[in-house]
Amino acid sequence: MVNIRYAKDNFELGENQSVLDCLTSRGVPVPFSCRSGVCQTCLMRATGGTPPESSQNGLKDTLKLQNYFLACICHPTADLEVAMPNDDDVQAVIPATVKSLKLLNSEIMHVELECHAPIEYRAGQFINLFRDRSLGRSYSLASVPHEDDHLHLHVRRLPQGRVSGWIHEELRPGETVEIRGPGGDCFYTPGNTEQGLVLIGTGSGLAPLYGIIRDALSQNHTGPIHLFHGSRDLNGLYLTGELRDLVERYSNFNYVPCLSGGDAPHGFAAGRADDVAFQQISNLKNWRMFLCGHPDMVIAARKKAFMAGASMKDIYADAFNVSQSS
Amino acid sequence: MSQQQSLYEKLGGEAAVNAAVDIFYRKVLSDDRISSFFEGVDMETQAAKQKSFLTMAFGGPHNYSGLDMRRGHAHLVERGLNDAHVDAVIEDLAATLRELNVGEDLIAQVAAIAESTRNDVLGR
């Protein structure tokens, strides 16, 4: 007998019953629409057990790897523990020690955290970092598992930012903070190693991209990898030395720092990062895209990339929305 | 049971839907007659909806009822969705299939399925 566990309740799965029917018949309000595995409205995530491959049909690779599935076509043969896709509470809070704090430029702090319990993540995902139990913010992971011992974050100081200000002004190495995660589906998936990658980021949107690039390179990605990092002026760019070193080491990696605030010195492109990228690579058919940073840039670039030929399933995006309460 | 292939099978099933969905969505987004209905909509969610629509129009498996169609489009009818917009969608659908070298007889069958949802989509 197969059991479906949802939010501490156990439901017995009937014969030929889908997980969706099992849950909705017992009053769990799982949203659904087509009931034939296409519309993805009933997307859920297995937090225990493995969903059948057939229940992941048509999902993005990054969702498959995180055990997301479509409840309406899910007929598991073994027990499954399931959650709604946005149930944050399924993840435990983990304490982490601040190992180092280092300014990357005038407004972005490199934060290195050592977790007290192992955390499984992929470069480019994000964690939530808490100042106290009720006050947390999402920060992307620039570190790469297996390459870096600790978690690396790039925290931009926001005006009146209650968490970023605290990180910049008050937090000290040796102190312990609480984190929860990881989350997000903007990361590198192995396979298709010859595919070209275009990564566009603004400001601290470089954090996930820096992780994704190093992850792809460490997994022997052979296709061209183009990074466009944008800021208004030179002070907003960072890790330029590290990125130029990567260009030296890997012939398939190309780094284009972009300055939108006027003239650009030699070695820098003038213009917004997304505009420069779409000028340089006008046909994006078969390219894989990663877009991170300012929400306006991410939304506009996603549409431009799609219209320029990139397939929806190949566009990974992470918009850095600023909390209304700062 | 008939030995004849269904429309969905003739078109190539799920692979055909996958081949068509990006092309169709691009046409819809660049169609000035209807693109405004898609502004501010999450593209990821919308792409999945386009896929559901194509699966249905291709004669594939779906469980949409007329009531689902009414509910799903009621907010657009309020914004002025009318026959001309449905015409545009069906034209874009046919153009997508032509681009994929689908024969006119099959295109007509797909258009007929899409056409059959018109009154429900427009809430009448």
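Mentor: Let's start from a database note; UniProt positions are given here in the numbering used for this structure, feature names are shortened, and annotations may be inferred rather than shown by experiment. The note I have in mind comes from an unreviewed UniProt entry, which places the feature "binding site" at H73(B).

Before we zoom in, some housekeeping. This is a predicted model, where local features need pLDDT of at least 70 and side-chain atom pairs count only at pLDDT 80 or more, while totals for chains, interfaces and linings use all residues. Residues are numbered from 1 along each chain as its sequence is written, and chains are lettered from A and ligands numbered from 1 in the order in which they are written.

The model as a whole scores ipTM 0.90 and pTM 0.88.

Now for H73(B) itself. You'll find H73(B) in helix α4 of chain B, residues 66-78 (helices are DSSP runs of H or I with at least four residues, strands are runs of E with at least two, and both are numbered from the N terminus). H73(B) counts as partly exposed because it has 18 C-beta neighbours inside 10 Å. The cut-offs are simple: 20 or more other C-beta atoms within 10 Å makes a residue buried, 12 or fewer makes it exposed, anything in between is partly exposed, and C-beta atoms are placed from the backbone. Setting aside neighbours within four places in sequence, H73(B) is in contact with L81(B), V121(B) and G123(B) (contact asks for C-beta atoms, placed from the backbone, within 7 Å).

Step back to the rest of chain B. Seven helices and zero strands make up its secondary structure, and along the sequence that reads α-α-α-α-α-α-α. With a radius of gyration of 14 Å, close to the 14 Å the globule rule gives for 124 residues, chain B is as compact as a globular protein of that length (the radius is taken over C-alpha atoms, and the rule is 2.2 Å times the number of residues to the power 0.38). Its C-alpha trace spans about 45 × 30 × 25 Å along the principal axes. Buried residues account for 27% of the 124 in chain B. Of its contacts with a separation of 6 or more, 78% link residues 24 or more positions apart.

Where does chain B meet its partner? 17 residues of chain B are in contact with 13 residues of chain A. The elements of chain B that give two or more residues to its side of this meeting are α2 (13-29) and α3 (43-57). α3(B) gives the most, with eight residues. That side of chain B splits into six nonpolar, five polar and six charged residues (Ala, Val, Leu, Ile, Met, Phe, Trp, Tyr, Cys and Pro count as nonpolar, Asp, Glu, Lys and Arg as charged, and the others, Gly among them, as polar).

And the partner? Chain A has seven helices and 17 strands. Its radius of gyration is 21 Å, which agrees with the value near 20 Å that a compact globule of 326 residues would have. The C-alpha atoms of chain A fill a box of roughly 70 × 50 × 35 Å along the principal axes, and 42% of its 326 residues are buried. Among its contacts between residues at least 6 apart in sequence, 66% join residues at least 24 apart.

Inside, the largest nonpolar core has 63 residues, where L199(A), L209(A), I212(A), I213(A), M289(A) and F290(A) touch the most other members (a nonpolar core is a set of buried Ala, Val, Leu, Ile, Met, Phe, Trp, Tyr and Cys residues joined through C-beta atoms within 7 Å). Helix α4 of chain A, residues 206-218, supplies the largest share of this core, seven residues. Apart from this core lies another of 21 residues, including I4(A), L20(A), L23(A) and L59(A).

Note on methods
Contact = placed C-beta atoms within 7 Å.
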